[in-house]
Amino acid sequence: MDEPVSIQSFTWSHIGSFLSLRRQLARESIHVAMNDREHVEALPWVLARMVVHRKRTRIFLAADQGRFIGYATLLFPRFQKFRGNAYLATVSVQKSYRNRGIGTQLMHSVEQCARDRRARRLELEVFSRNEAALCLYRKLGFVEEGRRRQAVENVDGLDDIVFMAKMLV
């Protein structure tokens, strides 16, 4: 019997595998802001950004038998006025592992972390054509709060950005 996928918090020992996973997922998905050619960042820049924002950023990794297959990035605000908010920057799973509940597992970890940090709301943005993600977020209790119409130009035309949030308290 297969071991279930595990969710773990990012540590610095994961940096190489994490960066490889990010590049692979950028190639696989049309629902991320940057394409794989734009996603190339110099390693020193990535590391510097991660060090500077380490207190405000949490990364969760989905692993199948020790191999990373997905991740979620949660950001906490820098300014006191927004301290009750948490922002889901990314959730992505390799194509061959989708529709197996891994995104849901990652989202549960994200939400628990936000609750542990006493966030009152969890916010995200999603492309309107990403129906699988919209379905997941609605299932988990997120509601649409607004749209930026025709804000994204994909290979298949213009797309809206949907703003969603879930109240945690």
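Reader: Which residue in S7 is the bridge partner of Val152?

Author: Happy to start there, with the reminder that this is a predicted model. The partner of Val152 in S7 is Asp159.

Reader: How do you know that S6 and S7 pair?

Author: Two strands count as paired if there are at least two bridges between them. Strand S6 (residues 143–154) and strand S7 (residues 157–167) are joined by eight bridges, and they run antiparallel. With two residues between them, S6 and S7 form a hairpin.

Reader: What about S4 and S5: parallel or antiparallel?

Author: Strand S4 (residues 85–93) and strand S5 (residues 121–127) run parallel. Four bridges join S4 to S5, and the cut-off is at least two, so this is a pair as well. Tyr87 stands opposite Glu123 in S5.

Reader: What is the order of the strands in the sheet?

Author: The open sheet has seven strands in the order S1-S2-S3-S4-S5-S7-S6, and the pairing is mixed.

Reader: Why do S1 and S6 stand at the edges?

Author: Strand S1 (6–9) and S6 each have a single partner strand, so one side of each is left without a neighbour in the sheet. Neighbouring strands of this sheet are turned by 25 degrees against each other on average, direction ignored.

Reader: Which strands does helix H3 touch?

Author: Helix H3 (residues 102–116) packs on the sheet and touches S1, S2, S3, S4, S5 and S7. The direction of H3 makes about 160 degrees with that of S4.

Reader: Why is Ser13 called exposed?

Author: Exposed means over 50% relative accessible area. Ser13 has 65% relative accessibility, so Ser13 counts as exposed. The place of Ser13 is in the loop between S1 and helix H1 (15–28).

Reader: What makes the link between Ser13 and Thr11 a polar contact?

Author: The distance cut-off is 3.5 Å, and the side chains of Ser13 and Thr11 are joined at 2.8 Å.

Reader: How many aromatic pairs are there, and why is Phe18 with Tyr71 called edge-to-face?

Author: There are four aromatic pairs. Ring centres must lie within 6.5 Å, and planes over 60 degrees apart count as edge-to-face. For Phe18 and Tyr71 the centres are 5.1 Å apart and the planes stand at 90 degrees, so the pair is edge-to-face. Phe18 lies in helix H1 and Tyr71 in strand S3, so the pair ties together parts 53 residues apart in sequence. Both residues, Phe18 and Tyr71, are buried.

Notes: Residues are numbered from 1 along each chain as its sequence is written. This is a predicted model: local features need pLDDT of at least 70, side-chain atom pairs count only at pLDDT 80 or more; totals for chains, interfaces and linings use all residues. Side-chain values use heavy atoms; hydrogens and water are left out. Axes are lines fitted to C-alpha atoms, for helices over the stretch in contact, and angles run from 0 to 180 degrees between N-to-C directions. Contact means heavy atoms within 4.5 Å. Buried means under 20% relative accessible area, exposed over 50%, partly exposed in between (1.4 Å probe, protein chains only). A polar contact is a pair of N or O atoms within 3.5 Å; within protein, one must be able to donate a hydrogen and the other to accept it, and residues adjacent in sequence count only if both atoms are side-chain atoms. Rings of Phe, Tyr and Trp (its six-membered ring) pair if their centres lie within 6.5 Å; planes under 30 degrees apart count as stacked, over 60 as edge-to-face and the rest as tilted.
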